[in-house]
Structures are given as C-alpha cells and as structure tokens.
Amino acid sequence: MRWERTVTVIGCHVGGEENDVIVGGVLPPPGATMFDKKRYLEAHGDELRRWLLFEPRGKPTLCVNLVTPPTRADCDAGLIIMESADYPPMSGSNTICTVTVLLETGMLPMREPVTTLTLDTPAGPVPVEATWRDGKVERVQFTNVPCFATHLGANLDVEGLGTITVDVAYGGAFFAIVDAPSLGFAVAPKEARELVALGNRITAAAARQLDVRHPENPDIHGVTFTELTMPFTGPGTVNRNAVVVAPGRIDRSPCGTGTCARLAVLHARGQLGPGQGFIHESIIGSRFEAGIARETTVGGRPGIIPTIAGQAWITGVFQHGLDPSDPFRGGYTLPDLWLA
C-alpha cells in the first residue's frame with residue numbers, strides 16, 4: 001500500500017441523510033473568514049471535494065464537512081460544507097451531524113445535560129444547543145442565520161410544465177418552494193424519481209428567471225434548490241416536503257435550510273409568527289422540529305431567526321487513502337446517477 005495522503009472521516013447521518021465529517025488529514029484553508037476559506041477551496045482546493053464525494057469513493061447522496069478553527073472569537077469551531085455540486089454557505093443537516101461528531105468524539109467538550117456552542121459557517125455564526133445523556137447526543141437544535149422570503153407567488157416558466165407558481169426564500173441558500181399537489185404529487189417515496197426530474201427543471205428555470213441575491217453578501221446568489229411541499233396545515237402540525245438537491249436526488253432528511261426557507265415564506269404569508277412552529281417531515285418519514293425564534297430584518301427586508309432540531313447518529317470511522325497510481329484518483333461522475 002502506497003498512499004500519498006490519508007484523510008480520516010467520521011460517518012454520520014441525520015434523518016437518513018449522510019453528512020460525514022473530516023477529523024484528520026486536512027489542514028485549514030487560508031482565509032480571514034469562513035466564507036473566504038470556502039471560496040479558497042472552491043477556487044484552489046476543489047480536488048478534496050471531488051476525491052471524497054465523486055465515485056469510486058463517494059456517491060451522489062453524500063456530503064462531507066471540513067472542521068477548522070473558527071475565524072471569530074465568539075465561535076467554537078469553523079465549518080465548511082462540501083456537497084456533490086458545490087459548497088453551500090449553510091446546511092442544517094450538516095450542522096446537526098457535525099455537532100454530533102464534535103461532541104461524541106471529544107473534539108469539543110460535552111456538558112450534561114445541555115452543551116452550548118457556536119459554529120462559524122460561511123453564512124455566519126450559528127448558535128447550537130446539544131442535549132446529551134451517557135455520552136450520546138440525543139438532540140441538536142441550532143439557531144440559523146437570518147432568513148427571508150424574496151418572492152411570493154412568482155410565475156415561472158418551466159420546460160414541460162408551462163407556467164407554475166413558486167415562492168422563493170433564503171434559508172442558508174435560496175430555495176424555490178412549490179406546492180406539490182398542484183403538480184399532481186403527494187411527496188410519496190414512489191414519486192422520488194419523478195420529483196427529481198421535475199425539481200431539476202424548476203431549479204434551472206428559477207436560476208435563469210428569478211434574480212436573487214443576499215442583500216448583505218452579494219456573493220450568495222441564485223436559486224440552487226427546489227422544495228416541493230404538501231399544504232401547510234397550521235402551527236404544531238406535521239407537514240411533508242422533498243428538497244431536490246444537485247446532481248439530481250432528494251434530500252433524505254427534511255432539509256434544515258429548506259425548512260428555514262419555508263418558515264420564512266410561512267411568516268411572510270402571515271401563517272406563522274414568533275414562538276410558533278411545526279414538524280417538517282421528509283419523503284422517508286424522518287422529522288425536524290422547526291420554529292420561529294423572533295423576527296428580524298435583513299438589508300432592510302423583513303425576516304426571521306428560525307430554529308431547527310433533530311438527532312444524528314455516527315455510523316463509522318473511515319480512512320481514505322490517495323494512491324498516486326490510481327487512474328481515478330480525481331473521481332468521476334456518470335449521468336446514470338449524476339443527473340446534472
């Protein structure tokens with residue numbers, strides 16, 4: 001065995017969504033902020049993402065998180081999220097998994113019954129409360145960055161569908177949110193393949209036709225996800241959704257940032273207020289608790305501070321090696337699985 005580098009990864013999932021965490025073998029990228037570090041990896045270090053996430057080592061449903069020292073004095077650890085197609089500024093499921101790994105492996109100290117910490121993410125600081133017992137994290141609740149709606153009832157021309165109505169909101173990334181029954185869907189597991197094909201077309205259309213840009217960080221822009229939802233039935237109820245993620249698959253969890261985007265839309269429509277929330281359910285039945293902590297403004301635009309809670313489970317410890325003679329050391333994709 002002749003490896004030129006070794007990377008140690010802790011496997012972890014939340015709600016069925018696999019979000020692994022790098023715990024060794026990677027030095028922090030340069031940058032004064034986590035957003036700078038993210039951009040450095042995008043421009044100069046993307047081989048790490050492709051090596052770990054593309055085949056033959058990775059798969060379309062995998063995300064990997066790089067933990068670094070924080071760039072802010074008020075944070076405990078830095079987080080860079082690597083997905084199959086890009087580096088989102090924030091991810092709720094990846095946050096829950098990363099906090100679980102940091103605490104259960106002892107990288108950050110646990111304090112029973114609740115450990116509080118703050119992650120330094122490219123989207124901004126994210127406070128976290130982790131409830132644990134006997135060395136096991138049983139619940140992670142994070143308070144997300146400010147979220148806001150940009151479009152309510154916008155018309156969107158979609159290939160093969162014609163004109164449909166969408167809402168758009170920022171929950172850590174920009175989401176096009178669509179009523180699933182209006183398109184003939186019930187967000188059932190048997191519909192997954194059709195939902196992906198539809199969601200990819202909606203995302204592409206929204207990215208072209210709806211100009212969205214974060215008012216406080218213009219480098220965060222463009223609709224990158226589509227969220228298909230069942231009708232909202234009121235505070236405290238259970239509501240199902242499916243978030244379509246590049247390169248063409250459904251988030252197995254209820255999607256933390258997608259849930260925050262939906263909270264922002266429900267608030268903008270007057271259906272949820274501060275102190276209220278609901279249970280968001282994924283296409284496979286896993287659930288997040290979602291709520292609105294308080295109202296805020298983002299660049300003069302009305303918004304909310306949401307909270308999301310869920311539980312993650314560690315699945316294993318892996319060491320990935322890079323053999324210099326491997327012809328697929330940089331990874332590859334094929335359109336049978338990697339649809340985009």
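Predicted model: local features only at pLDDT ≥ 70, side-chain atom pairs only at ≥ 80, totals over all residues.
User: Let's start with a proline. Where does Pro113 lie?

Analyst: Pro113 sits in the loop between α3 (92-104) and β5. Those labels are DSSP runs, numbered from the N terminus: helices are H or I with at least four residues, strands are E with at least two. Residues are numbered from 1 along each chain as its sequence is written, and side-chain values use heavy atoms, leaving out hydrogens and water.

User: What makes the peptide bond from Glu112 to Pro113 worth a look?

Analyst: That bond is cis, with omega near 5°. The Glu55 to Pro56 bond is cis too, with omega near 10°, and Pro56 is in the loop between α2 and β3. For background, most peptide bonds are trans, and most residues other than glycine have a negative phi.

User: Why is Asp251 called buried, and why does it have no salt bridge?

Analyst: Buried means under 20% relative accessible area (exposed is over 50%, partly exposed in between, with a 1.4 Å probe and protein chains only), and Asp251 falls in the buried class. A salt bridge needs a side-chain nitrogen of Lys or Arg within 4 Å of a carboxyl oxygen of Asp or Glu. On charges, Lys and Arg count as positive and Asp and Glu as negative, while His and the chain ends are not counted. The nearest side chain of opposite charge, Arg249, is 4.8 Å away, so there is no salt bridge.

User: What does the side chain of Asp251 reach, then?

Analyst: The backbone nitrogen of Ser253, at 2.8 Å. A polar contact is a pair of N or O atoms within 3.5 Å; within protein, one must be able to donate a hydrogen and the other to accept it, and residues adjacent in sequence count only if both atoms are side-chain atoms. Asp251 also touches Glu17, Val243 and Val245, not counting residues up to four places away in sequence; contact means heavy atoms within 4.5 Å. Asp251 is in the loop between β13 (249-250) and α5 (256-268).

User: How do you know whether Cys255 is buried or exposed?

Analyst: Cys255 has 7% relative accessibility, so Cys255 counts as buried. Cys255 has a positive phi of about 70° although it is not a glycine.

User: And which is Asp134, buried or exposed?

Analyst: Exposed, because its relative accessible area is 72%. Asp134 also has a positive phi, near 55°, and sits in the turn of the β6 and β7 hairpin, which has two residues between the strands.

User: What makes β6 and β7 a pair?

Analyst: Two strands pair if DSSP finds at least two bridges between them. β6 and β7 have six, in the antiparallel sense, including Val128 with Phe142 in β7.

User: Why are the buried residues of α1 said to be on the same side?

Analyst: In α1 (residues 34-44), Met34, Phe35, Lys37, Lys38 and Leu41 are buried. They cover an arc of only 165° around the axis, which puts them on the same side of α1. The arc is that of the directions from the helix axis to the C-beta atoms. The face turned away from that buried side carries the exposed Ala43 and His44.
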